[in-house]
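Trainee: I would like to go through this model with you, one piece at a time. Could we begin as soon as it is on the screen?

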Amino acid sequence: VWYHKPAINEELLQSLPNLKVVASAGVGIDHLDLKLLSSYGVKVANTPFIVSTDTADMGMALLLASSRRLVEGHEMAVSPDTEYFPVDWLGVEVSGATLGILGMGKIGYKVAERAKAFEMKILYHNRNQRKKEEESAVGAVYCKKIDDLLQQSDFVLLAVNLTPQTHKMIGKRELELMKPTATLINISRGLIVDQDALVEALQNKVIKAAALDVTYPEPLPRDHPLLKLKNVIITPHIGSATKKTRWVMMEEMAESIEAGLAGRPIPREVL
């Protein structure tokens, strides 16, 4: 399964009575009905470990690009209408700013490691608090309540899995808790954010900006209002899109399929 295709539904499962394993690229499994697959005796594997480094890099890239207005700056620099560079065209500083990470799993923790190098203050919220030594290694402070993190952060980065509990976890109320100078960064899944509420918040300057590697749907309709806003950067879900990582993802998927067909334990099986 690549980019959620083909759809693994009951019709497909009925047409493939000898199916033994489904190997899915990436970390997220929200597109797979695990109970349905299990009822057909089909095992599931994904590739959760290899993608974390590149996706964390992408999170920091979006943070930096948004804070320093790189896309707008490029457009200004290459525009045939540009006669001079305005001296009051400014971004916001990253060093010393507060980064709030929602979801401190493998990807979120790697983002924290990178943010520490940029001398950022790091807050995080997670279902389970990290060990004290892990927190100390990156200088991260645990927020038991999401609201506290949202109110204090200059940048809020989403790195949670999409579940019924996290579906649209960032909505109108949460956006209004954020600073009017804050930026929202999403490298997880589009449905973590209520996009209508995000559009409204960006248009009304409830928050300063957004940088999104994921949306819903993907790609967005060409007339979607998010595509028209200057304070938004959108990339085409490329968190893991490097040559090396995609090659290893393919290898890991093939290994899982071979193991499943041979009746061996499946590496990276989703239980």
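Trainee: Is Asn9 buried, partly exposed or exposed?

Mentor: Asn9 counts as partly exposed because its relative accessibility is 33%; buried means under 20% relative accessible area, exposed over 50%, and partly exposed in between, with a 1.4 Å probe and protein chains only. Please note that this is a predicted model, in which local features need pLDDT of at least 70 and side-chain atom pairs count only at pLDDT 80 or more, while totals for chains, interfaces and linings use all residues. Residues are numbered from 1 along each chain as its sequence is written, and side-chain values use heavy atoms, with hydrogens and water left out.

Trainee: Where is Asn9 found?

Mentor: Asn9 is in the segment before α1 (10-15); helices (H or I, at least four residues) and strands (E, at least two) are DSSP runs, numbered from the N terminus.

Trainee: Which peptide bonds are cis?

Mentor: The bond from Lys5 to Pro6 is cis, with omega near 0 degrees, and Pro6 is also in the segment before α1. Another cis bond joins Tyr216 and Pro217, with omega about -10 degrees; Pro217 lies in the loop between β8 and β9.

Trainee: Where is phi positive in a residue other than glycine?

Mentor: Arg69 is one of these, with phi near 55 degrees. Arg69 sits in the loop between α3 and α4, and counts as partly exposed because its relative accessibility is 24%. His237 also has a positive phi, near 55 degrees.

Trainee: What does the side chain of His237 make a polar contact with?

Mentor: The partner is the side chain of Glu218, at 2.8 Å. A polar contact is a pair of N or O atoms within 3.5 Å; within protein, one must be able to donate a hydrogen and the other to accept it, and residues adjacent in sequence count only if both atoms are side-chain atoms. His237 lies in the loop between β9 and α10 (243-262). Leaving aside neighbours within four places in sequence, His237 is in contact (heavy atoms within 4.5 Å) with Tyr3, Arg189, Asp213, Val214, Glu218 and Arg246.

Trainee: Turning to Thr47, is that residue buried or exposed?

Mentor: Thr47 is buried, because its relative accessibility is 0%. Thr47 is in the loop between β2 (43-45) and α3 (52-67). A polar atom of the Thr47 side chain lies 2.8 Å from the backbone nitrogen of Gly26. Residues that Thr47 touches, not counting those up to four places away in sequence, include Met249, Glu252, Met253 and Arg268.

Trainee: How does the length of α5 compare with what its residues should span?

Mentor: The two agree: the twelve residues of α5 (residues 106-117) should span 16 Å at 1.5 Å a residue, and the end C-alpha atoms are 17 Å apart. The expected span is 1.5 Å times one less than the number of residues.

Trainee: Which residues of α5 are buried, and what covers them?

Mentor: The buried ones are Ile107, Gly108, Tyr109, Val111, Ala112 and Ala115. Their cover includes α3, β3 (98-102), β4 (121-125), α6 (132-138) and β6 (155-158). Following α5 comes Glu119, with a positive phi near 60 degrees.

Trainee: How much space lies in the second largest pocket, and what lines it?

Mentor: The space is about 470 Å³. The lining has 24 residues, of which Glu72, Leu229, Lys230, Asn231 and Val232 lie nearest the centre. The elements giving two or more residues to this lining are α3, α4 (70-78), β8 (209-212) and β9 (232-234). The largest share, four residues, comes from α4.

Trainee: How is a pocket defined here?

Mentor: On a 1 Å grid over the protein atoms alone, a pocket is an open set of points with protein on both sides within 12 Å along at least five of seven lines, and lining residues have an atom within 4 Å of a point. Grid points are joined across faces, edges and corners, and a volume is the space filled by probe spheres set on the points.

Note on methods:
On a 1 Å grid over the protein atoms alone, a cavity is a set of points where a 1.4 Å probe fits but cannot get out, and a pocket is an open set with protein on both sides within 12 Å along at least five of seven lines; lining residues have an atom within 4 Å of a point.
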